[in-house]
Amino acid sequence: MEIKVAKEYITLGQLLKLADIIQSGGEAKFAVKQLYILVNNVREDRRGRKLYPGDLVVVDGKQIQLV
């Protein structure tokens with residue numbers, strides 16, 4: 001799956017919502033602790049992590065490429 005970043009960056013919490021993994025921003029706090037998330041092959045659990053075009057995010061085996 002590809003997600004286009006309209007600004008300089010988006011946060012991991014915003015990405016989870018855009019990818020329909022969570023329904024609301026409030027769920028992000030719990031989702032990042034419960035889901036197995038990799039950002040560029042590094043484990044991540046901070047919902048505020050800044051993501052930039054070119055980053056590869058894997059959430060429980062589902063790949064998301066930022067463009």
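Is tyrosine 9 buried, partly exposed or exposed, and at what relative accessibility? At 31% relative accessibility, tyrosine 9 counts as partly exposed, where buried means under 20% relative accessible area, exposed over 50% and partly exposed in between (1.4 Å probe, protein chains only). The model is predicted, so local features need pLDDT of at least 70 and side-chain atom pairs count only at pLDDT 80 or more, while totals for chains, interfaces and linings use all residues. Residues are numbered from 1 along each chain as its sequence is written, and side-chain values use heavy atoms, with hydrogens and water left out.

**Aromatic pair**

- The model holds 1 aromatic pair, under the rule that rings of Phe, Tyr and Trp (its six-membered ring) pair if their centres lie within 6.5 Å, with planes under 30 degrees apart counted as stacked, over 60 as edge-to-face and the rest as tilted.
- Tyrosine 9 and tyrosine 52 have ring centres 5.7 Å apart and planes at 55 degrees, so the pair is tilted.
- Because tyrosine 9 lies in the loop between E1 and strand E2 (10–11), and tyrosine 52 in the loop between strand E5 (50–51) and E6, the pair ties together parts that are 43 residues apart in sequence.
- Tyrosine 52 counts as partly exposed, at 34% relative accessibility.

**Sheet**

- Helices (H or I, at least four residues) and strands (E, at least two) are DSSP runs, numbered from the N terminus; two strands pair if DSSP finds at least two bridges between them.
- E1 and E7 pair in the parallel sense over 2 bridges, and glutamate 2 stands opposite glutamine 65 in E7.
- E6 and E7 run antiparallel and are joined by 4 bridges; leucine 56 stands opposite glutamine 65 in E7, and valine 57 has isoleucine 64 in E7 as its bridge partner.
- E3 and E6 also run antiparallel, joined by 3 bridges, and valine 39 stands opposite valine 57 in E6.

**Nonpolar core**

- A nonpolar core is a set of buried Ala, Val, Leu, Ile, Met, Phe, Trp, Tyr and Cys residues joined through side-chain atoms within 4.5 Å.
- The largest such core has 19 residues, and those with the most contacts inside it are Leu15, Ile37, Leu51 and Val57.
- At least two residues of this core come from each of helix H1 (12–18), helix H2 (28–34), strand E3 (37–39), strand E6 (56–59) and strand E7 (62–66).
- Beyond its neighbours within four places in sequence, leucine 15 is in contact (heavy atoms within 4.5 Å) with Ile3, Ile10, Leu51, Val57, Ile64 and Leu66.
- In soluble globular proteins, nonpolar side chains tend to be buried together.

**Positive phi**

- Aspartate 20 is not a glycine, yet has a positive phi of about 60 degrees.
- Aspartate 20 lies in the loop between H1 and H2 and counts as exposed, at 62% relative accessibility.
- Aspartate 60, likewise not a glycine, has a positive phi of about 45 degrees.
- Aspartate 60 belongs to the hairpin of E6 and E7, which has 2 residues between the strands.
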